[in-house]
Amino acid sequence: MKDQWYKNAIAYSLDVETFMDSDGNGIGDFQGLTHCLDHLAGLGITCLWLLPFYPSPNRDNGYDVMDYYNVDPRLGTLGDFVEFMYQARERGIRVMVDLVVNHTSNQHPWSQAAGADKNSKYRDYYVWTDKLPEHEVEPVFPDVERSVWEYDETSQAYYLHHFYKEQPDLNIANPAVQEEIYKIMGFWLELGVSGFRIDAAPFLITGIGIEGADEKCLQNFLSHMREFLSSRSIDAILLAEANVTPDKFSVYFGDGDRMDMLFNFLLNRHMFLALARQQAAPLIDGLKSIPKIPQIGQWLNFVRNHDELDLSGLASEELEEVFAAFAPEENMRSFGRGIRRRLPPMLEGNCHRIELTYSLMFSLPGTPMLRYGDEIGMGDDLSLEGRESVRTLMQWSDEPNGGFSTSPEKNLAKPTISQGNYGYTHVNVATEQRDPNSLMNWMERLIRIRKQCPEFGRGEWQILETDEPCVFAHCCEWQGRAAIAVHNLADRECIATIKTKKYKHLIELFCDRQYEPIEGELFSIPLSAYGYRWFRVNTMR
Ligand code: NOJ
């Protein structure tokens with residue numbers, strides 16, 4: 001059986017460009033990242049997901065790749081990548097990379113050749129039409145693109161692009177394209193990666209514009225990718241970015257023969273609705289709406305990622321509630337469906353509520369993932385355009401440029417946050433390292449305790465009844481052991497009665513206190529405003 005290491009990994013996503021600059025040119029690089037591995041190891045991270053670091057014209061933050069077999073020269077060399085991989089492995093940290101094959105950059109040699117010559121073998125690598133379809137699907141970035149079809153003057157035909165027009169979609173039905181994708185996977189697996197994040201997975205397997213495309217056949221490509229992966233590595237995994245409705249989850253998990261892991265977009269938006277309402281019900285509804293997945297499958301939970309906080313699956317009144325609570329101004333929103341802020345500003349810097357949110361995310365059934373800067377409570381910069389607001393430079397110290405780079409400020413790859421409550425003079429790794437009460441030291445402890453509770457990653461979950469609607473309580477059981485987490489989503493203290501199975505006592509993990517039942521299966525748990533408690537119980541006793 002496959003090693004299910006990913007079920008209790010502590011994942012961390014980062015962009016090499018914004019993490020650490022080693023040579024003072026203002027751009028983060030692999031040598032800088034390698035230098036910072038001890039910070040990540042110290043925190044307890046066990047798996048990194050690197051955002052695209054391939055050569056790219058950077059129309060879409062690297063998600064427009066022009067060479068799948070190289071490192072963007074601004075970020076280093078393949079040699080630097082291999083050295084980084086060695087150093088990560090030495091620290092027990094696995095590495096996953098982004099596989100962006102729904103589309104290429106229009107600067108990719110395949111795209112250039114396809115546009116220049118209708119008879120080129122690369123023409124069918126992309127999707128073309130002479131006539132626009134009557135009914136069009138909506139582009140993913142409706143504020144910038146009006147259509148998913150763009151007219152190409154040179155070859156006098158329209159090509160498909162779900163994202164920016166500089167990102168032509170690949171024709172996945174073409175066996176030659178499938179072979180190219182296997183080759184790319186094979187290359188990075190040889191360099192030691194532990195898996196791939198499949199970018200834009202739902203778009204990859206749509207047959208839009210592909211003549212005679214058979215949906216089932218396209219979906220089967222997910223199984224073929226997995227077969228290829230397993231033929232080259234015994235434990236590498238596929239993680240899909242698929243923000244789809246529950247009836248579609250089975251397309252991605254298959255019978256346990258497709259994706260190993262999916263981002264839990266559904267639970268993410270339900271968590272934010274629960275936080276906005278200060279009520280557990282939306283989270284309970286969210287969890288209950290997730291169908292059972294194959295044993296090998298797993299959910300990857302997160303608070304924020306590098307895009308907007310996507311609330312598109314919520315009903316419009318629910319969306320308005322979350323907007324009202326966390327993004328009251330128009331400038332804080334994007335695409336009409338999301339929030340372009342980081343968590344701490346959304347929660348007005350309330351450190352109890354910030355801890356509550358991460359404690360909740362870390363205990364939800366699945367694998368937890370942080371994003372760079374989450375550990376120190378970094379903020380956002382709403383003066384930057386679109387999703388750039390949450391992609392500012394990592395803040396290492398109170399030195400110029402937040403210790404990210406010694407370059408003059410004007411050369412920095414992206415702006416740093418230097419002013420206000422989230423400026424690097426207050427919010428940075430070095431300062432928080434020294435402060436025993438900092439978010440970073442708390443996060444390290446949270447990670448340590450999460451590692452002691454594999455039940456949250458692998459167990460059967462169950463919602464526990466409570467008499468307080470603002471309290472979310474759940475229990476996860478695995479191999480005869482159980483862990484319980486209780487979260488008060490409200491801004492007022494309460495004493496919640498929790499109904500569990502019959503346990504002799506609960507042992508609190510954050511403060512090592514023991515609770516006895518008040519009677520039978522009922523425990524009385526005091527919680528401060530935004531308070532949380534994690535417990536261990538031994539079901540064998
Ligand atoms: C999803 C990525 O998360 C996003 O940043 C990107 O713009 C699109 N895929 C297109 O690759």
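In the protein chain, 68% of the contacts with a separation of 6 or more are between residues 24 or more positions apart; a contact means heavy atoms within 4.5 Å. The model is a predicted one, in which local features need pLDDT of at least 70, side-chain atom pairs count only at pLDDT 80 or more, and totals for chains, interfaces and linings use all residues. Residues are numbered from 1 along each chain as its sequence is written, and side-chain values use heavy atoms, with hydrogens and water left out.

The radius of gyration of the protein chain is 24 Å, which agrees with the value near 24 Å for a compact globule of 541 residues. This radius is taken over C-alpha atoms, and the globule rule is 2.2 Å times the number of residues to the power 0.38. The C-alpha trace spans about 80 × 55 × 45 Å along its principal axes.

The protein chain contains 17 helices and 23 strands. Both are DSSP runs numbered from the N terminus: helices are H or I with at least four residues, and strands are E with at least two.

Two strands pair if DSSP finds at least two bridges between them; β16 and β19 (residues 494-499) are joined by two bridges and run antiparallel. Within this pair, Thr 466 stands opposite Ile 498 of β19.

## Surface and charge

Of the 541 residues, 61% count as buried (buried is under 20% relative accessible area, exposed over 50%, and partly exposed in between, with a 1.4 Å probe and protein chains only).

The 52 positive and 79 negative charges have mean positions 6 Å apart. Lys and Arg count as positive and Asp and Glu as negative, while His and the chain ends are not counted. Each charge is placed at NZ of Lys, CZ of Arg, CG of Asp or CD of Glu.

## Loop residues with positive phi

Most residues other than glycine have a negative phi. Glu 348 has a positive phi, near 50°, and lies in the loop between α13 (343-346) and α14 (351-363). Glu 348 counts as exposed because its relative accessibility is 74%.

Gln 479 also has a positive phi near 50°. Gln 479 is located in the loop between β17 (471-478) and β18 (481-488) and is exposed, with a relative accessible area of 61%.
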